[in-house]
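Here is a short briefing for a first look. Take in the sequence and the model, then read on by topic.

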Amino acid sequence: STETSAGHHVRIGFGTAGSAQPVTIAGGVRALLAQEVRSPFAGRFVLTAHLRGEASSRQDFENLFLKQFRCRLLFYQYLDRAKTLARRKELASVEFQPQFFDARDGKCQTVELARQFVNPRPGANFSFGNGLGVALVVERTSSEPLLLPTREKPVFAQVRIDRLSLEFSGK
(Lines give C-alpha, C1' and ligand atoms only; values in the text may rest on other atoms or scores of the structure.)
Protein backbone atom coordinates (compact mmCIF):
# COMPACT_ATOMS: atom_id res chain seq x y z
CA SER A 1 0.00 0.00 0.00
CA THR A 2 1.03 3.60 -0.50
CA GLU A 3 0.06 6.95 0.95
CA THR A 4 -2.41 9.15 -0.92
CA SER A 5 -2.81 12.88 -1.04
CA ALA A 6 -5.87 14.72 0.20
CA GLY A 7 -6.31 16.31 -3.24
CA HIS A 8 -8.60 15.45 -6.13
CA HIS A 9 -10.17 12.00 -6.43
CA VAL A 10 -13.15 10.13 -7.89
CA ARG A 11 -15.51 7.83 -6.04
CA ILE A 12 -17.58 5.08 -7.66
CA GLY A 13 -20.11 3.50 -5.35
CA PHE A 14 -23.49 3.82 -3.69
CA GLY A 15 -25.17 4.83 -0.46
CA THR A 16 -28.39 5.59 1.37
CA ALA A 17 -27.59 9.14 2.56
CA GLY A 18 -30.75 11.26 2.70
CA SER A 19 -33.08 8.33 1.93
CA ALA A 20 -35.71 7.22 4.44
CA GLN A 21 -36.76 4.41 2.07
CA PRO A 22 -34.75 1.31 1.14
CA VAL A 23 -32.47 1.81 -1.86
CA THR A 24 -32.40 -0.81 -4.62
CA ILE A 25 -29.51 -1.26 -7.05
CA ALA A 26 -30.49 -3.06 -10.23
CA GLY A 27 -28.69 -6.19 -11.33
CA GLY A 28 -26.06 -5.94 -14.04
CA VAL A 29 -25.41 -2.20 -13.63
CA ARG A 30 -21.94 -0.80 -14.24
CA ALA A 31 -20.07 2.45 -13.76
CA LEU A 32 -16.99 3.46 -15.73
CA LEU A 33 -14.27 6.03 -15.36
CA ALA A 34 -12.89 6.22 -18.89
CA GLN A 35 -10.54 8.32 -21.01
CA GLU A 36 -9.48 8.29 -24.64
CA VAL A 37 -5.75 7.90 -25.34
CA ARG A 38 -4.96 10.67 -27.80
CA SER A 39 -2.90 9.63 -30.86
CA PRO A 40 -1.67 6.24 -29.61
CA PHE A 41 1.39 4.62 -31.15
CA ALA A 42 2.52 1.00 -31.11
CA GLY A 43 4.41 0.09 -27.96
CA ARG A 44 3.98 -0.80 -24.30
CA PHE A 45 1.26 0.85 -22.19
CA VAL A 46 1.05 0.62 -18.40
CA LEU A 47 -2.17 1.78 -16.71
CA THR A 48 -1.77 2.26 -12.94
CA ALA A 49 -4.54 3.00 -10.43
CA HIS A 50 -4.02 4.19 -6.85
CA LEU A 51 -7.24 3.44 -4.98
CA ARG A 52 -8.91 2.10 -1.87
CA GLY A 53 -12.21 0.68 -0.73
CA GLU A 54 -14.26 2.82 1.65
CA ALA A 55 -17.56 2.06 3.36
CA SER A 56 -19.75 2.73 6.36
CA SER A 57 -17.98 -0.29 7.92
CA ARG A 58 -15.58 -3.06 6.91
CA GLN A 59 -18.51 -5.51 7.09
CA ASP A 60 -20.62 -3.33 4.73
CA PHE A 61 -17.69 -3.19 2.30
CA GLU A 62 -17.24 -6.96 2.31
CA ASN A 63 -20.96 -7.86 2.13
CA LEU A 64 -22.40 -5.05 0.00
CA PHE A 65 -19.45 -4.35 -2.30
CA LEU A 66 -16.93 -7.19 -2.59
CA LYS A 67 -19.61 -9.92 -2.73
CA GLN A 68 -21.81 -7.96 -5.16
CA PHE A 69 -19.45 -6.14 -7.56
CA ARG A 70 -16.28 -6.73 -9.52
CA CYS A 71 -13.69 -4.15 -10.52
CA ARG A 72 -11.45 -4.12 -13.58
CA LEU A 73 -8.86 -1.96 -15.30
CA LEU A 74 -9.01 -2.23 -19.06
CA PHE A 75 -7.70 -1.12 -22.43
CA TYR A 76 -10.34 -0.92 -25.13
CA GLN A 77 -10.72 0.01 -28.79
CA TYR A 78 -13.53 2.25 -30.02
CA LEU A 79 -15.74 0.54 -32.63
CA ASP A 80 -17.16 3.68 -34.22
CA ARG A 81 -15.87 7.08 -35.33
CA ALA A 82 -18.06 8.87 -32.77
CA LYS A 83 -16.01 7.09 -30.06
CA THR A 84 -19.11 5.90 -28.24
CA LEU A 85 -18.11 4.26 -24.97
CA ALA A 86 -20.96 1.74 -25.24
CA ARG A 87 -19.48 0.52 -28.55
CA ARG A 88 -16.06 -0.74 -27.62
CA LYS A 89 -13.94 -3.88 -27.89
CA GLU A 90 -11.86 -4.90 -24.90
CA LEU A 91 -8.20 -5.44 -25.75
CA ALA A 92 -6.90 -6.33 -22.27
CA SER A 93 -8.17 -6.25 -18.69
CA VAL A 94 -7.24 -7.20 -15.17
CA GLU A 95 -9.77 -7.88 -12.41
CA PHE A 96 -8.96 -6.73 -8.88
CA GLN A 97 -10.53 -6.53 -5.43
CA PRO A 98 -10.20 -3.13 -3.77
CA GLN A 99 -8.73 -3.30 -0.30
CA PHE A 100 -10.66 -1.64 2.51
CA PHE A 101 -8.74 1.12 4.28
CA ASP A 102 -9.97 3.51 6.93
CA ALA A 103 -10.34 6.89 5.20
CA ARG A 104 -8.40 8.58 8.03
CA ASP A 105 -5.17 6.65 7.50
CA GLY A 106 -4.66 7.85 3.90
CA LYS A 107 -3.39 4.49 2.58
CA CYS A 108 -4.26 2.98 -0.79
CA GLN A 109 -3.38 0.05 -3.00
CA THR A 110 -1.80 0.07 -6.43
CA VAL A 111 -3.29 -1.93 -9.33
CA GLU A 112 -1.53 -2.19 -12.70
CA LEU A 113 -2.39 -3.36 -16.19
CA ALA A 114 0.46 -3.59 -18.71
CA ARG A 115 0.05 -4.46 -22.38
CA GLN A 116 2.28 -4.43 -25.45
CA PHE A 117 0.48 -3.35 -28.64
CA VAL A 118 2.64 -4.23 -31.64
CA ASN A 119 1.92 -5.76 -35.02
CA PRO A 120 3.28 -9.34 -35.23
CA ARG A 121 4.47 -8.61 -38.78
CA PRO A 122 7.84 -6.84 -38.60
CA GLY A 123 7.75 -3.34 -40.09
CA ALA A 124 3.93 -3.07 -40.00
CA ASN A 125 2.09 -0.62 -37.76
CA PHE A 126 -0.35 -1.70 -35.06
CA SER A 127 -3.85 -0.44 -35.86
CA PHE A 128 -5.95 1.00 -33.04
CA GLY A 129 -8.83 1.42 -35.52
CA ASN A 130 -11.03 4.26 -34.25
CA GLY A 131 -8.86 4.84 -31.19
CA LEU A 132 -7.68 3.50 -27.87
CA GLY A 133 -9.18 4.10 -24.42
CA VAL A 134 -8.53 3.16 -20.82
CA ALA A 135 -11.10 2.60 -18.08
CA LEU A 136 -11.74 1.53 -14.53
CA VAL A 137 -15.01 -0.43 -14.40
CA VAL A 138 -17.20 -1.33 -11.41
CA GLU A 139 -20.02 -3.76 -12.26
CA ARG A 140 -22.63 -5.90 -10.51
CA THR A 141 -21.88 -9.59 -10.68
CA SER A 142 -25.53 -10.60 -10.25
CA SER A 143 -28.60 -9.92 -12.36
CA GLU A 144 -30.73 -9.81 -9.19
CA PRO A 145 -31.51 -6.44 -7.52
CA LEU A 146 -29.54 -5.52 -4.38
CA LEU A 147 -31.57 -4.00 -1.56
CA LEU A 148 -29.52 -1.75 0.72
CA PRO A 149 -30.54 -1.92 4.36
CA THR A 150 -32.11 1.09 6.07
CA ARG A 151 -30.35 2.08 9.26
CA GLU A 152 -30.17 5.08 11.51
CA LYS A 153 -26.80 6.02 9.96
CA PRO A 154 -26.25 6.04 6.16
CA VAL A 155 -24.93 2.89 4.52
CA PHE A 156 -22.33 3.34 1.76
CA ALA A 157 -19.62 1.45 -0.10
CA GLN A 158 -17.30 2.76 -2.80
CA VAL A 159 -13.96 2.67 -4.55
CA ARG A 160 -12.00 5.88 -4.14
CA ILE A 161 -9.62 6.48 -7.05
CA ASP A 162 -6.88 8.92 -6.09
CA ARG A 163 -4.87 8.63 -9.28
CA LEU A 164 -4.96 6.90 -12.66
CA SER A 165 -1.82 7.20 -14.76
CA LEU A 166 -0.78 5.89 -18.15
CA GLU A 167 2.83 5.36 -19.16
CA PHE A 168 3.95 4.66 -22.72
CA SER A 169 7.19 3.19 -24.09
CA GLY A 170 7.64 3.07 -27.87
CA LYS A 171 8.40 -0.23 -29.57
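Buried means under 20% relative accessible area, exposed means over 50%, and partly exposed lies in between, using a 1.4 Å probe and protein chains only. By that rule Cys108, at 0% relative accessibility, counts as buried. This is a predicted model: local features need pLDDT of at least 70, side-chain atom pairs count only at pLDDT 80 or more, and totals for chains, interfaces and linings use all residues. Residues are numbered from 1 along each chain as its sequence is written, and side-chain values use heavy atoms, leaving out hydrogens and water.

**Cysteines**

- The structure has zero disulfides, a disulfide being a pair of cysteine sulfur atoms within 2.5 Å.
- Cys71 is buried, with a relative accessible area of 1%.
- The cysteine sulfur closest to that of Cys71 belongs to Cys108, and at 14 Å it is too far for a bond.

**Aromatic pairs**

- Rings of Phe, Tyr and Trp (its six-membered ring) pair if their centres lie within 6.5 Å; planes under 30 degrees apart count as stacked, over 60 as edge-to-face and the rest as tilted.
- The count comes to twelve aromatic pairs.
- One of them is Phe45 with Phe117, edge-to-face, at 5.7 Å centre to centre and 65° between the planes.
- This pair links distant parts of the chain, 72 residues apart: Phe45 is in strand β5 (residues 43-55) and Phe117 in strand β8 (residues 107-117).
- Strands (E, at least two residues) are DSSP runs, numbered from the N terminus.
- Both Phe45 and Phe117 are buried.
- Phe45 also pairs with Phe168; the ring centres are 4.9 Å apart and the planes are at 50°, so this pair is tilted.
- Phe168 lies in strand β11, so its pair with Phe45 in strand β5 ties together parts 123 residues apart in sequence.
- Phe168 is partly exposed, at 39% relative accessible area, whereas Phe45 is buried at 2%.

**Aromatic cluster and a charge**

- Phe14, Phe61, Phe65, Phe69 and Phe100 form one aromatic cluster.
- The charged end of Arg140 sits over the ring of Phe69, 5.7 Å from its centre.
- A charge sits over a ring if NZ of Lys or CZ of Arg is within 6 Å of the ring centre and within 35 degrees of the ring normal.

**Gln158**

- Gln158 is in strand β11 (residues 156-170).
- With 13% relative accessibility, Gln158 counts as buried.
- Leaving out residues up to four places away in sequence, Gln158 touches (heavy atoms within 4.5 Å) several residues, including Arg11, Glu54, Phe61 and Phe65.

Definitions and conventions:
Helices (H or I, at least four residues) and strands (E, at least two) are DSSP runs, numbered from the N terminus.
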